[in-house]
Amino acid sequence: MLDATGLELIAQELRDAEGEGAVVGTTFFRERGTVEIDPAHVRSVLARLRERGYAFLASVHGVDYHPHEPRLGVHYELLDMSRVDRITVVLRVPTDAPEVDSVTPDIPAEQPGGPDRGWPTADHQEREIYDMFGVVFRGHRDLRRILMPEDYEGHPQRRDFPVGGEPVAFTFNERDALGPM
Amino acid sequence: MKRDPVHVDVDALRVRSLNAHQLLRGADMEGANQPAHLKDTELERYVQERVLTTTLDKTVAWARSNSFFPLAFGLACCAMEQFHTAGSRMDIARFGFEAFRASPRQADLIILAGRVSIKMAPIIRRLYDQMLEPKWAISMGACCSSMGVFNNYALVPADKFMPIDVHVPGCPPRPEGLMHGILKLRKMVQDDPDMGWRDRYDARGTEEVLDPAQMEAQAAREEAEHEALAPAAAQAPPEETTAARASGGESAGA
């Protein structure tokens with residue numbers, strides 16, 4: 001199991017390989033280690049963690065940290081299947097430039113962390129984060145909405161998105177709710 | 001003419017029954033028994049014994065209301081309760097509604113069992129539009145009627161886009177609830193199905209019907225496909241089927 005010391009070792013290893021600014025911070029909470037990284041290094045960091053045995057990308061999900069800045073977060077839950085060990089990689093992007101590299105495509109040899117194959121499982125999950133939070137994944141082969149209709153405007157899981165909802169037509173307000181008939 | 005309900009003339013019943021047999025054989029239409037030869041009172045009796053009069057609308061409504069063909073269609077958790085209405089405990093077949101149809105063309109009742117998302121709404125409306133007349137809709141559960149606990153960006157109430165005849169509340173409604181809703185609908189159909197809802201939602205004459213030219217083109221296409229497949233089917237060696245049977249028998253025996 002990953003402990004706080006092991007987490008620091010991994011973070012230091014990533015710093016050594018990627019540069020001092022690659023790792024923003026670490027958190028160890030309830031037996032779960034989290035590495036917060038600079039968004040620019042996401043592909044190479046995930047590739048290096050795969051080399052360490054974290055070869056299964058269990059989940060990718062989005063978070064809105066409103067009102068903290070940078071607001072949007074993307075979490076990558078990695079799992080080492082042989083040691084049953086987990087680590088979370090977190091990155092934060094601001095809402096005015098919510099862009100991060102997609103982890104789906106293969107990494108060619110000339111890029112940091114390469115050559116490495118991509119994470120195909122992140123395909124639909126990145127689309128969902130794009131749909132719900134508006135994070136744009138550069139290099140994704142087919143980045144479009146997955147849950148909401150194609151012509152929907154806005155990203156409904158952002159915390160400044162109005163709760164909204166359709167007015168419900170009961171008998172007493174059916175004319176208002178359904179419009180003139 | 002008022003009849004005494006207590007008094008039953010057994011002989012008269014016997015005679016009438018024999019007359020009915022003759023009528024079925026067409027025997028009483030000959031000779032002196034032809035209706036044209038009957039006297040006024042006899043003619044009246046003749047008609048009363050043989051003809052049941054009612055309005056055609058009532059008969060049609062009675063027939064329709066006792067054999068809804070629901071669309072086999074579920075949206076969410078309410079669908080689980082919907083399945084149970086067809087199960088042995090509730091047994092929707094008691095009322096003649098058990099024939100769930102897989103195609104909207106064959107169905108005349110759509111039960112919206114679950115929440116309707118914004119993305120699904122146009123598809124549901126199209127399914128409803130494809131159903132042939134006469135057709136009815138039941139909104140099952142809180143989500144479909146009022147979006148229940150999901151009153152947010154994702155859902156839309158069914159009343160927004162199509163006419164609903166009966167709303168069944170509950171989260172989810174028990175099978176008894178749905179059954180009650182269907183029986184309410186039956187009563188509506190028997191009394192007066194037209195409540196103006198359909199015109200409100202512009203839901204008349206919406207069936208997508210191909211024009212004759214399209215239908216001919218499609219028939220030609222299907223025929224061509226059939227001919228392309230036919231030689232392959234004819235050449236299929238019969239040995240294979242016997243071999244498959246033999247192996248199946250072996251595995252069953254083992």
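Author: Start with strand β4 of chain A, residues 72–80, which pairs with β5(A) in the antiparallel sense over nine bridges. Two strands pair if DSSP finds at least two bridges between them. Helices (H or I, at least four residues) and strands (E, at least two) are DSSP runs, numbered from the N terminus.

Reader: Before more of that, what kind of model is it, and how is it numbered?

Author: This is a predicted model, where local features need pLDDT of at least 70, side-chain atom pairs count only at pLDDT 80 or more, and totals for chains, interfaces and linings use all residues. Residues are numbered from 1 along each chain as its sequence is written, while chains are lettered from A and ligands numbered from 1 in the order in which they are written.

Reader: Back to β5(A). Which residue stands opposite A:Thr88 there?

Author: A:Glu77. In the hairpin of β4(A) and β5(A), four residues lie between the strands, and A:Val84 takes a positive phi near 50°.

Reader: Which way do β2 and β5 of chain A run, parallel or antiparallel?

Author: Parallel: four bridges join β2 (residues 32–37) to β5 (residues 85–93) in chain A. A:Ile37 is opposite A:Leu91 in β5(A).

Reader: What about phi at A:Arg30?

Author: A:Arg30 is not a glycine, yet its phi is positive, about 50°. The residue sits in the loop between β1 (23–29) and β2 of chain A. Most residues other than glycine have a negative phi, and most peptide bonds are trans.

Reader: Why does A:Arg30 count as exposed?

Author: Because A:Arg30 has 4 other C-beta atoms within 10 Å. A residue is buried if 20 or more other C-beta atoms lie within 10 Å of its own, exposed if 12 or fewer, and partly exposed in between, with C-beta atoms placed from the backbone.

Reader: And B:Asp91?

Author: B:Asp91 has a positive phi of about 55° and is not a glycine either. With 14 C-beta neighbours inside 10 Å, B:Asp91 counts as partly exposed.

Reader: Which peptide bond has an omega of about -5°?

Author: The cis one joining B:Glu133 and B:Pro134. The bond from B:Cys171 to B:Pro172 is also cis, with omega near -15°.

Reader: How confident is the predictor about chain B?

Author: Its mean pLDDT (the predictor's confidence in each residue, from 0 to 100) is 79, and 78% of the residues of chain B reach 70 or more. Over residues 240–254 of chain B the pLDDT is below 50. Where pLDDT is low, the predicted coordinates should not be read in detail.

Reader: And the complex?

Author: The predictor gives an ipTM of 0.70 and a pTM of 0.67.

Key. Two residues are in contact if their C-beta atoms, placed from the backbone, lie within 7 Å.
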